[in-house]
Amino acid sequence: MAVSLAAAQAQQPRPVLPPPRPSDVAPGAAPADSRPPVPDPAGPPSSCVAALTVRHGTDLRVTPRPAGPDGACLVVDSVEIAALFVGEGPGRRRIELQPPAILSCEMAGVVAQWLETTVQPLAKGHFGRDLVALRVGGGHECRHRNRGAGGPLSEHATGRALDIFGFEIGEAPARLSVSVKPSGDHQAFLAAIRQSACGAFATTLGPGSDAAHADHLHVDNKLRGSPAGRFCQ
């Protein structure tokens with residue numbers, strides 16, 4: 001029996017159409033909920049954060065930092081650090097960061113290792129007292145290099161840089177404050193610190209390198225030049 005054209009078309013499966021575009025999403029734009037979610041600080045820590053906590057103490061907390069425009073200023077495994085523990089057994093020491101600094105976990109691990117293997121021994125060797133605190137600034141900060149209006153982003157934008165202004169050595173009332181800013185005192189200690197930083201970090205800039213670093217030691221993990229190259233001034 002002949003089947004009419006209209007009946008044959010009615011028997012064909014209908015194409016599946018996508019859902020209509022929401023009215024608040026412009027053509028070509030991704031819906032707001034398609035962005036990567038910010039990690040939940042209450043969730044399980046990353047392997048880096050877990051290892052950092054086991055080795056260097058619990059005076060730190062996960063503090064996710066949302067990326068800026070175009071994904072800039074993203075900090076991987078962001079942690080806010082009030083203090084780091086270094087050493088083992090009776091020689092274990094708590095070293096404060098004043099004020100607490102936000103760093104990537106990777107950078108925090110490099111700082112902790114440097115404090116443990118070099119800075120604390122240098123303080124003990126030069127002054128016969130333990131390092132108790134770093135006076136710091138410029139951990140995570142979403143900005144351009146040297147606070148310029150444009151140009152490359154600073155390593156501070158990704159939490160992979162730290163500015164060190166001074167060292168607190170020994171307990172009160174005999175505590176000694178050693179400033180990174182050039183002066184006539186403690187130059188041998190500061191020279192040793194700077195030389196050690198050049199080995200521990202990919203980039204080290206301090207007093208004498210330029211006006212932007214006249215009063216502090218900037219350390220970061222950005223390799224410049226060859227993959228194995230380090231920049232030290």
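The model is predicted, so local features need pLDDT of at least 70 and side-chain atom pairs count only at pLDDT 80 or more, while totals for chains, interfaces and linings use all residues. Residues are numbered from 1 along each chain as its sequence is written, and side-chain values use heavy atoms, with hydrogens and water left out. The structure holds 10 salt bridges (a side-chain nitrogen of Lys or Arg within 4 Å of a carboxyl oxygen of Asp or Glu). The disulfide count comes to 2 (a disulfide being a pair of cysteine sulfur atoms within 2.5 Å).

**Helix H3**

- Helices (H or I, at least four residues) and strands (E, at least two) are DSSP runs, numbered from the N terminus.
- Helix H3 covers residues 105-127, which is 23 residues.
- From its first C-alpha to its last, H3 reaches 31 Å, close to the 33 Å expected at 1.5 Å a residue; the expected span is 1.5 Å times one less than the number of residues.
- A kink of about 45 degrees is centred on Leu115 in H3, the bend at a residue being the angle between axes fitted to the seven residues ending there and the seven starting there.

**Salt bridges**

- Arg55 and Glu88 form a salt bridge with their closest N and O atoms 3.7 Å apart.
- Arg55 lies in helix H2 (residues 47-56) and Glu88 in the loop between strand E2 (78-86) and strand E3 (93-104), so this pair ties together parts that are 33 residues apart in sequence.
- Arg55 is partly exposed at 28%, and Glu88 is exposed at 61%.
- A network of salt bridges links Arg55, Glu88 and Glu116.
- Asp130 and Lys124 meet through their side chains in a salt bridge of 3.6 Å, N to O.
- In that pair, Asp130 is buried with a relative accessible area of 15%, whereas Lys124 is partly exposed at 41%.

**Glu168 and its surroundings**

- The side chain of Glu168 meets that of Arg135 in a salt bridge of 2.8 Å, N to O.
- This pair links distant parts of the chain, with Glu168 in strand E5 (residues 161-169) and Arg135 in strand E4 (residues 131-137), 33 residues apart.
- Glu168 is buried at 7% relative accessible area, while Arg135 counts as partly exposed at 26%.
- Leaving aside residues up to four places away in sequence, the contacts of Glu168 (heavy atoms within 4.5 Å) include Gln98, Asp130, Leu131, Arg135 and Arg175.

**Disulfides**

- Cys48 is joined to Cys105 by a disulfide with an S to S distance of 2.1 Å.
- The link of Cys48 and Cys105 is left-handed, with -100 degrees about the S-S bond.
- Cys48 lies in helix H2 and Cys105 in helix H3, so the pair ties together parts that are 57 residues apart in sequence.
- Cys48 is partly exposed at 27%, whereas Cys105 is buried at 1%.
- Cys198 is joined to Cys232 by a disulfide with an S to S distance of 1.7 Å.
- The link of Cys198 and Cys232 is right-handed, with 50 degrees about the S-S bond.
- This pair connects distant parts of the chain, Cys198 being in helix H4 (residues 187-200) and Cys232 in strand E9 (residues 231-232), 34 residues apart.
- Cys198 is buried at 14% relative accessible area, and Cys232 is partly exposed at 41%.

Technical notes: Buried means under 20% relative accessible area, exposed over 50%, partly exposed in between (1.4 Å probe, protein chains only).
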